[in-house]
Amino acid sequence: MKTKAAVMWGLHQKWEVEEVDLDGPKENEVLVKLMASGLCHSDDHLVTGDMPMQLPVVGGHEGAGVIVDVGPGVKEVAEGDSVVLSFIPACGRCEPCTRGMSNLCVLGAAIIAGPQLDGSFRFHAKGQGLGQMCVLGTFSEYTVVPLASVVKVDPSTSLHTAALVGCGVTTGYGSAVRTGETRDGDAVVVMGVGGIGINAVQGARIAGARAIIALDPVEYKRGRSLEFGATHTAATVEEAVSLVTELTRGQMADVCVVSTDSAEGAYVAQALSLVGKRGRVVMTAIPHPTDMSVNMSLFDLTLYEKQVRGSLFGSSNPRRDIPRMLTLYHTGQLKLAELITREYTLEEINQGFADMHAGINLRGLIRF
């Protein structure tokens, strides 16, 4: 079939929106008609090369839609089902999955490879196969994805808002609550309050944190963070250190989530300076793949038992935690619609990313 998709043909180029060919679903795959796709900074990492992936590729990894066809062997879902697509495929059978770590499923190795799980391509254009971001490719009107990436949701769910829980919401919330283990009464710092960080703020609020400091140089983001649960804001690390010292009487924060546009080695030491004894620094931001240097105090790690923790998808399990996010939304505890600053057509995708870089969006959304 033919579908319109946004393709990245080479590094540091713009997204090209064009008609491409899409094969039907193979065994344990489904064909999905997308309703919406979030514009996540991780997609922009394809452009810069910070997320190394075989190009060309159909972008997008944060989407929701309706199943229009299923391949052989698919029994869990059927045509007409509403689904959210998880950027982490989870088989449910490998050792990490059976240990409750579906975000580390062995299938996750495929998310930066390009082809589908079987090594072949579903999208084609200009005589060659096109990869799919995180085996999804949600910057397309239609896409074929593995059953392992599909989470069925209630048919009454608004798929335009539900698209955001496929990555940003669940990752941010989980970074604070699951990886960071935020508890009631904690003080939490969120370093970078974009599409991921703003949901770390929400997670800390829902978990009962008494003080939530949103740290970001962009005034607009600092202001919006107060709507989602931040109790205080800071524009610089120095300002945040002074503020946290005052708020905690020198005990410092319990958790610091690093959700900047990209991870830098220098940020680790800065984050460690914001947490106190046994404080937890959660690294959620995507780093440069060749960056092997980190600035930090080993003295802090040993004598104060401070911790640095990596976080993928907020240490969340897709089939359990995506529906849980939607339940929190339906019960009024989690904001979703308010996250969407602007909606774009697929043809406006480059403007959407330009707005993201300009710091005027919490989350841009492509609406099909």
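**Cysteines and burial**

Student: Why is cysteine 91 called buried?

Tutor: Its relative accessible area is 17%. Buried means under 20%, exposed over 50% and partly exposed in between (1.4 Å probe, protein chains only), so cysteine 91 counts as buried.

Student: What kind of model gives these values?

Tutor: It is a predicted model, where local features need pLDDT of at least 70 and side-chain atom pairs pLDDT 80 or more, while totals for chains, interfaces and linings use all residues. Residues are numbered from 1 along each chain as its sequence is written, and side-chain values use heavy atoms, with hydrogens and water left out.

Student: How many disulfides does the structure hold, and how do you know about cysteine 91?

Tutor: The structure holds zero disulfides. For cysteine 91, the nearest cysteine sulfur belongs to cysteine 105 and is 3.7 Å away. A disulfide is a pair of cysteine sulfur atoms within 2.5 Å, so cysteine 91 is in no disulfide. Cysteine 94 is in no disulfide either, with the sulfur of cysteine 97 as its nearest, at 3.7 Å. Cysteine 94 is buried too, at 12% relative accessible area.

**The open sheet**

Student: What makes up the open sheet, and in which order?

Tutor: Strands here are DSSP runs of E of at least two residues, and helices are runs of H or I of at least four, both numbered from the N terminus. Two strands pair if DSSP finds at least two bridges between them. Six strands form the open sheet in the order 13-12-11-14-15-16, with parallel pairing. Strand 13 (232-234) and strand 16 (307-310) are its edges, as each pairs on one side only. From one strand to the next, the twist averages 20 degrees.

Student: How do you know that strand 15 is joined to strand 16?

Tutor: Four bridges join strand 15 (residues 275-283) to strand 16. At least two are needed, so these strands pair. Across this pair, valine 281 stands opposite valine 308. Helix 8 (residues 265-274) packs on the sheet, touching strands 11, 12, 14, 15 and 16, and its direction makes about 140 degrees with that of strand 15. Such angles run from 0 to 180 degrees between N-to-C directions, with axes fitted to C-alpha atoms, for helices over the stretch in contact.

Student: Is leucine 312 buried, exposed or partly exposed?

Tutor: Leucine 312 has a relative accessible area of 34%, so it is partly exposed. Its place is the loop between strand 16 and helix 10 (318-330).

Student: And what about phenylalanine 313, buried or exposed?

Tutor: Phenylalanine 313 is found in the loop between strand 16 and helix 10, and its relative accessibility of 1% makes it buried.

Student: Which residues does leucine 312 touch?

Tutor: Contact means heavy atoms within 4.5 Å. Not counting residues up to four places away in sequence, leucine 312 touches Phe87, Ile88, Asn103 and Leu104. Phenylalanine 313, with such neighbours set aside, has contacts including Phe87, Ile88, Val165, Cys167 and Ile322.

**The barrel and a histidine**

Student: Which strands make the closed barrel?

Tutor: Five strands run 1-2-7-8-4, with mixed pairing. Phenylalanine 123 stands opposite leucine 130 in strand 8. Strand 8 (residues 128-132) is mostly covered, with four of its five residues buried.

Student: What makes the link between histidine 160 and arginine 367 a polar contact?

Tutor: The two side chains come to 3.2 Å. A polar contact is a pair of N or O atoms within 3.5 Å; within protein, one must be able to donate a hydrogen and the other to accept it, and residues adjacent in sequence count only if both atoms are side-chain atoms. At 3.2 Å the pair is within 3.5 Å, so it qualifies. Histidine 160 lies in helix 3 (residues 159-162) and is buried at 17%.
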